[in-house]
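Work through the exercises below with the sequence and the model open. Try each task before reading its solution.

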Amino acid sequence: MTTENRVSVQLKGLRKVYGDAVALENFNLELAPGELVALLGPSGCGKTTALRILAGLDTDHEGQIIINGKDIASIPANKRNMGMVFQAYSLFPTMTVLENVAYGLRVRRVDKEKRRVKAQELLELVGLGNMGNRLAHQLSGGQQQRVALARALAIQPNVLLLDEPLSALDAQVRTQLRDEIKRIQTEVGTTTLFVTHDQEEAMAIADRVGVMRHGVLEQCAPPQEIYLNPINVKVAKFVGAMNLLPAEILSANELRVFGQKLELRASDAAAPTGKTGMALIRPEQLSLKLGDGKGPASATVVSRTFLGPLTRISVRMVADSSTLFISMPSAQALQFVEGSSVDVQIHATSVLLDA
Amino acid sequence: MKKKLNVVNYIVLLGATAFFVFPLIAATEFSLRAKNATTHNFDNYIWVFKQDGFKTTLGTSFRLAILTAVAVLILMVPTIVYLHLGGARWKRFIEFVCLVPLVVPVISFALGVQTAFPTFLQSTVYELSFLYVVISLPYTYRALDVGLSSIPLLTLVEASRASGASMRQTLMFVVVPTIRSAVNGAIFLAVALSLGEFTLAVLLHWDTFPTWIANISQGHILGAISLSVLALVGSWLLVLIVAIAPKSFGSNKTQEVAA
Amino acid sequence: MAERTGPQEGAGPLPQKRGKNKGKGTFKSLLPLLPFLAFIAYFLVFPLTFIVRDAFLSNDGHFTWLNFEECFKGVYGHSFYVSLRLSFISAMIGAVAGSLIASAIVKTGSRTRKAVAATSSVLANTGGVPLAFMFLAGFGAEGLVTKTLKALGWNIYGGSFTLFSETGIILVYCFFQIPLMVLIFSPALENVKPELREANDSLGGTRISYFSRIAVPLLFPAFLSTSLLLFANSFSAYATARAMTAGTLPLMPLLIGNLVDGNVLANQEHLGHAMAVSMIGVSIIVMGVYLLVLRFSKVRS
């Protein structure tokens, strides 16, 4: 049941100010037809503001909202045809589940039988085909959010907007529903904007992830790109775990860590040759080998945390007493008991520098 | 969650303010009129304070209020605590009983009391306190019930019992301090009701502050108006202070509990 | 409180075992409630049984229906009608005006809301002589408001209006009915989540569809139940009625008061009791509807 209206969205130069606080600054984002983009960032970073501006729920902003080539900034929320799923508790409490899903069609004056059939079809899609006669408060949190999703899709929206739809749910339900949303979105093919503060969620669900901080979109790229090639130090530190290793800057594109030469990736901070800084290296880009406690890369194992297939080992550097984290397959980790002397090895080829 | 008010909202609020404020202003102006009716002074207020009845009936009403509040706490706190612990199966029944006074017009209740009570009970003004406990039931029950529902009562009681406290000590040192704001609310309701109640007092022929105001109104209208203004403004200011500045109170209390 | 050593015995796990040994445990589990029940029995149930009994007694102590027949006839029957009508109208005005005010207040900051709630609780409890005097001072023939309006060209006493007429009493009752509505209806309004409005908008609903299909169905139970409370409130109001009318308007509580105080004729206490019982009857019906509405309003999440 793919929808015909696959639309492209362009947000251009959005700016929004609440009193003295800038919620959104020069925000540019494009969504290709059928694409799912997740906006990721801590609370107050402006991600929800961007979504609400697209929905038409926040007005008084600067910038353009272009859908299929037309600027809709002046169109009120109820004429934009956007399906929205809120954090929680947005089902109409006096209506049954079926009436909730049919509501958007009802205000569009679709005739009764047609909207019942359509609503039922959507309830089946979200796996609640037999719950149509229940009231919102008779459903679990996860079920309520499924209904909210069905309700949003019932109007065949131009864009599906999901505002932290999973954050009020239990961990287990959250992963389950996350995968379900992805399945349904792929099936229906509606262009979707998903807002969340949960990295894992964003990485798992999105075609592209937009990382936001302080009202600015730092980088928008496929998940693996964000993780492996963060565009700058801010994104690198925000997404996933990061080790900071002392580095010596050799030239504009080369540096040395633990005597090993690494390529320095272009960064926004100009690196002055001869100075030192901190190289950003992920735990899985490091490995250990038993050593003799001498040399610049030697360290002592402090503790091991078993995480199933992987084990995270923390070591204290002999040189400067700083702590590093290394992840490795659990089978390999067995040999590195607490207190053993080890040498840290780097497997990254190009790294970012925190000057 | 501030939102913008629209024109209709402003008109409504303006109209409401006018409706509630003008009578009060008018009464205040009246109460300040001098005998010759051309100038204004505080004579009526001074006259009121000089009356014997002022002190005695106000005293009576305050004693009634204190007695009522104490009786409400002694009667209701253990009862509702029990309903939240072992006696949960009686909760609906007691809830229903506490709603009954809403159904009985006070005048009907007064009549019943008049015929039913033996003379020894009707010989003291403090019989009113027991009746005030009854007619305040729907409100005090609710206040305390809401308060107790919002705390992990069972855990607190078990912890206190495990530390060797008796049930009475548990109520006094653990439960009541924890639901302080609900208890305050119940006390406040009981006191307000006792200070303002008229019907029972007048039909059972007792002199309380409200019936005294009614009495002097027959001989000295301006004096009665002065009293009315005082009573209304006084209770309003009191309630406003309690409502708007409870934060400092509240934090002090939590510190006490923690200590 | 000394007799309260019982609770800890019952203070086991909260979910009570039901069924099997219920009969055995029933009395035991009732024990801690005895002080409360005894108090209620003596101070509430006992007086009530007496008025019900007396309502069915003739002056020489025999059973009779006559008191009830009497209280629906003539001036007493008329007072029934006047009381019901006045209570109905004042409840409706209070409910509508109160909910309008509440819906404006709900948009303001939390400090304002607290102050309004506190003020409402004071105003809802005003009554009797103080209230009567404020209105005499304001809306009496020589009152400040009356004079001001006259100066503006509107003589409110131009028609048949007096403060002691039915219209006048309703005006006075508004002074405590409206705040009572604001007080009780505001929490219901505050519970309406902004997401509902936004969901309506994003689904293409209009302002009208929001009100007619979402807000009104959601708030109607609270509105109706509070209105019924207002009705009962003005139906049983005695102090204000007594201070205001001086007997000009036949209201049930006033007639009862006169009857039992022996102001009218001696030996008519039992008629008073019958009227008191009838008033309880009306209140029971109203409260029955109220509870019914509350039960259905459980629909709300």
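**Exercise 1. State what covers the buried residues of H12(B).**

Step 1. Locate the helix: H12 of chain B runs over residues 209–216. Helices are DSSP runs (H or I) of at least four residues, strands are DSSP runs (E) of at least two, and both are numbered from the N terminus.

Step 2. Find the buried residues. A residue is buried if 20 or more other C-beta atoms lie within 10 Å of its own, exposed if 12 or fewer do, and partly exposed in between, with C-beta atoms placed from the backbone. By this rule seven of the eight residues of H12(B) are buried. They are Phe209(B), Pro210(B), Thr211(B), Trp212(B), Ile213(B), Ala214(B) and Ile216(B).

Step 3. List the cover. From chain B it includes H3, H10, helix H11 (199–203) and helix H13 (221–244). From chain C it includes helix H7 (128–139) and helix H12 (239–245).

A note on the model: it is predicted, so local features need pLDDT of at least 70 and side-chain atom pairs count only at pLDDT 80 or more, while totals for chains, interfaces and linings use all residues. Residues are numbered from 1 along each chain as its sequence is written, and chains are lettered from A and ligands numbered from 1 in the order in which they are written.

**Exercise 2. Describe how H3(B) and H10(B) pack.**

Step 1. Two packed helices are described by the angle between their axes and the distance between the axes.

Step 2. H3 (residues 52–84) and H10 (residues 180–196) of chain B pack at about 145°, and their axes are 8 Å apart. Axes are lines fitted to C-alpha atoms, for helices over the stretch in contact, and angles run from 0 to 180 degrees between N-to-C directions.

Step 3. Name residues on each side. H3(B) contributes, among others, Leu64(B), Ala65(B) and Val72(B). Those from H10(B) include Val183(B), Ala186(B) and Ile187(B). Two residues are in contact if their C-beta atoms, placed from the backbone, lie within 7 Å.

Step 4. Sort the residues of this contact by class: eleven are nonpolar, three polar and none charged. Ala, Val, Leu, Ile, Met, Phe, Trp, Tyr, Cys and Pro count as nonpolar, Asp, Glu, Lys and Arg as charged, and the others, Gly among them, as polar.

**Exercise 3. Is Gly147(B) buried or exposed?**

Step 1. Gly147(B) lies in helix H7 (residues 127–149) of chain B.

Step 2. Gly147(B) is buried because 23 other C-beta atoms lie within 10 Å.

Step 3. Leaving out residues up to four places away in sequence, Gly147(B) touches Ile179(B), Ser181(B), Ala182(B) and Val183(B).

Step 4. Val48(B) is 99 residues from Gly147(B) along the chain, and their C-alpha atoms are separated by 41 Å.

**Exercise 4. Summarise chain B as a whole.**

Step 1. Chain B has 14 helices and zero strands.

Step 2. The C-alpha trace of chain B spans about 75 × 60 × 35 Å along its principal axes.

Step 3. Of the 259 residues in chain B, 42% are buried.

Step 4. Among contacts in chain B with a separation of 6 or more, 78% join residues 24 or more positions apart.

**Exercise 5. Which chains share the most contacts?**

Step 1. Two pairs of chains are in contact, and chains B and C share the most contacts. Here 73 residues of chain C meet 74 residues of chain B. On the chain C side, helix H3 (residues 34–55) gives the most, with twelve residues. That side has 47 nonpolar, 20 polar and six charged residues.

Step 2. In the pair of chains A and C, 23 residues of chain A are in contact with 18 residues of chain C. Strand S6 (82–85) and helix H2 (97–106) of chain A each give two or more residues to the chain A side. S6(A) gives the largest share, three residues.

Step 3. Chains A and B do not touch, and their nearest C-alpha atoms are 13 Å apart.

**Exercise 6. Give the strand order of the open sheet in chain A.**

Step 1. The four strands have the order S2-S1-S4-S5, with antiparallel pairing. Two strands pair if DSSP finds at least two bridges between them.

Step 2. The edge strands, S2 (21–31) and S5 (70–71) of chain A, each pair on one side only.

Step 3. Seven bridges join S1 (residues 9–18) of chain A to S2(A). Val17(A) has Val22(A) as its bridge partner in S2(A).
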